[in-house]
Amino acid sequence: MQTVTKFSATTRTEFWTALAEPEPQPAPRIGVGESTAHHGELFQGQIEDQENRKRRCLVTLPCPCLRSKAVFHPQRGGQIQVHPGHKQKARRVVELALATLQKQDLGGVLVIESNIAEGKGYGSSTADCVAAVHAVADALGVFVREQRVAQLVVEAEVASDNIMFRSAVLFAQREGVVLENYATPLPPLEVLGVDCDADGFVDTLRYAPAAYSWREIQQFQTLVGGLRRAIRTNDAQLLGCVATASAEINERYLPKRFFRELKQLANAVGALGVSAAHSGTLMSFLLHPRDPQLRHKIHCLREGLCRIGISECFHFQSWNTQMEVDL
Amino acid sequence: MNNECCSALLESYQARLIPLNDGLTAAAFPLMKIFPASFCVKQAREEGLVNNDSLVVETSSGTMALGLAIVCRWHAHKLTIVTDYACDDRLRRRLEYLGARVEIVPGPAATGGYQRARLDRLNAIRNENENHWWLNQYDNPGNPGAYGSFAAHLVETLGQIDCVVGTVGSGGSLCGTGSYLRMLYPDLKLIAVDTFGSVLFGHPDQPRKLRGLGNSIHPRNLDHTVIDEVHWVTAAEAYAATRELYAKTTLFCGGTSGACWLVARHWAARYPHRRVVAIFPDDGYRYLDSVYDDQYLLDNQLWIPELPTEPREVSDPREAEGNWSFMHWDRRAYDQVVNAKGMVHTA
């Protein structure tokens, strides 16, 4: 005979209550987080998925030597305050992060320290938001997955770049979704960045997303084929071609001062290509880090820039957190 | 059928990329035209040019008809195909099984050949049916526009591409693929394969034995200014090459693929160390009783004992006569090569 044990109603309730009891968590402490910037996009466009939905997406050019650091000082109850006070997207993302982690009762002060210029295409607000989410997670002693960070940031700022991901991804910047994960970093690039309009800036949210034509969507489809190969085979040259073609298409929607001149210069000097910030005024020349003529090419690019009246440029490496000393 | 299913079916028609030799890669489609058919129908649906009651119409001698019939079945559209004798009984049955109505014109028009006769009949059908949509593969920009995913497939698989060789009928596949690839590889060469008696590159219109390429009218989708080189191939040469392609590589393809292979293989040998892609538009099953039948070739004076190894170079389209010939077109406009009176400029 089999014995059937029956729980009494009381035992059952106690049992489940015990399970639901929250794990003892470390008391909130001061948390820190950090994020790097980017320097415009290597690719930005719109493709069609298997269900014929048009998806806007991008691949950013990492600029690890520029960074935003966030420190979160949690306090029981009250509001979230942010310093500097205009970084409201970062404040919003802290609220969202706390809500997601079911810590709505927490408030606190978020202090952001960043050397990333705003409105240029460095993704300053995304960097602030990513740093802020990491700071909150650190304060609470929890780990937040990259995908979750991306969703929080997009929710806070409508459109973001993909700097929160360590490997190269094709990122739907308005959905917070990874369309393609290449599971490996981008081919390393030597970059000479320029600001095409030193006095201008672009507010990401104040201009309408590009209304790409069907032909451009097909062109982007082809470029994504190029991206996949460039990343898979570590082909910086192909990546440069993709970036140039993408910048060329987007030139119709957010034209850059000196775009023609810069493209010609890149060609003449033998750079891999150019890339542009699709919500900003930045452009960059892409070069191969192991190009034997690298010094000479950078020199020629600087000279060419001077001829069109651009005296300032910014040399960095897409994989290097150190600010590069000029060659 | 839902979008996901249609996408998966379409994807199953993507070209197989097969490296042959001398840097030559075959892009072998089972039925290439399904891509422009699907793309143009999708566009027309999105733009509201086609609704569920519309009659879709098109003129085609073969593969576009089949591609469009398949796509129309996916979306449950009514379809009428106007065609000619090149649409054999088996193809006609396949189209009809897919729900298409097939109209075969009895003979060629006085000028403009079968194409003109087909277009005349097509226009009559359009007049009879108010709610119709004509795909118009010759002039619809969606035809060349449809090759973005093919170009992506090539770039993703092969990387650097130096030359694409393709047969030209509407101009869609070669000009479309070329325009997308040139975003990444601006120096890419585009080699067009045509046949004698086709007006596309400056020959006077004449009856042609080689079908599936060439044309009696000028399609807007052929952009002469992207073409670097033109080859004219005879039906006999194309068929012999198709047979040799099968015997040597085991790729079982239609007659236009043979014409393309003949030219691409020669180009790859002429310019070593370049990556050459040859576009093979369909598989061979439709041609078992023609290209792949010795008796048919003999009966139709299409048998040649041996393939020519080299084309004859000409500097003017009208010098191209008799056997496989080619000229450097050098991305010129049609009128730059052939003027309005049909006379040829000397280069």
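Visitor: What makes the meeting of Glu48(A) and Lys42(B) a salt bridge?

Guide: A salt bridge needs a side-chain nitrogen of Lys or Arg within 4 Å of a carboxyl oxygen of Asp or Glu. For the side chains of Glu48(A) and Lys42(B), the N to O distance is 2.5 Å. That is within the 4 Å limit, so the name applies. Side chains of opposite charge can pair when their charged atoms come close.

Visitor: What should I know about the model itself?

Guide: This is a predicted model: local features need pLDDT of at least 70, side-chain atom pairs count only at pLDDT 80 or more, and totals for chains, interfaces and linings use all residues. Residues are numbered from 1 along each chain as its sequence is written, chains are lettered from A and ligands numbered from 1 in the order written, and side-chain values use heavy atoms, with hydrogens and water left out.

Visitor: How many salt bridges does the rule find across the interface of chain A and chain B?

Guide: Three. The rule also finds nine residue pairs in polar contact there, both residues at pLDDT 80 or more. A polar contact is a pair of N or O atoms within 3.5 Å; within protein, one must be able to donate a hydrogen and the other to accept it, and residues adjacent in sequence count only if both atoms are side-chain atoms.

Visitor: Which elements give two or more residues to the side of chain A that touches chain B?

Guide: They are α5 (214-232) and α6 (236-250) of chain A. The largest share, twelve residues, comes from α5(A). Helices are DSSP runs of H or I with at least four residues, strands are E runs with at least two, and both are numbered from the N terminus.

Visitor: How many residues of chain A are in contact with chain B?

Guide: 22 residues of chain A are in contact with 25 residues of chain B. Contact means heavy atoms within 4.5 Å.

Visitor: Why is Asp49(A) called buried?

Guide: Buried means under 20% relative accessible area, exposed means over 50%, and partly exposed lies in between (1.4 Å probe, protein chains only). Asp49(A) has 19%, so it counts as buried. Asp49(A) forms a salt bridge with Arg53(A), with the closest N and O atoms 2.9 Å apart.

Visitor: Why is Arg53(A) called partly exposed?

Guide: Its relative accessibility is 44%. That lies between 20% and 50%, so Arg53(A) is partly exposed.

Visitor: What makes Glu248(A) and Arg260(A) a salt bridge?

Guide: Their closest N and O atoms are 2.7 Å apart. The limit is 4 Å, so the pair qualifies. The pair links distant parts of the chain, twelve residues apart: Glu248(A) is in helix α6 of chain A, and Arg260(A) is in helix α7 (residues 259-269) of chain A. At 27%, Glu248(A) is partly exposed. At 43%, Arg260(A) is partly exposed too.

Visitor: How do you know that chain B is as compact as a globular protein of its length?

Guide: Chain B comes to twelve helices and twelve strands. Its radius of gyration is 19 Å, close to the 20 Å that the globule rule gives for 347 residues, so chain B is as compact as a globular protein of that length. That radius is taken over C-alpha atoms, and the rule is 2.2 Å times the number of residues to the power 0.38. Of the 347 residues of chain B, 60% count as buried.
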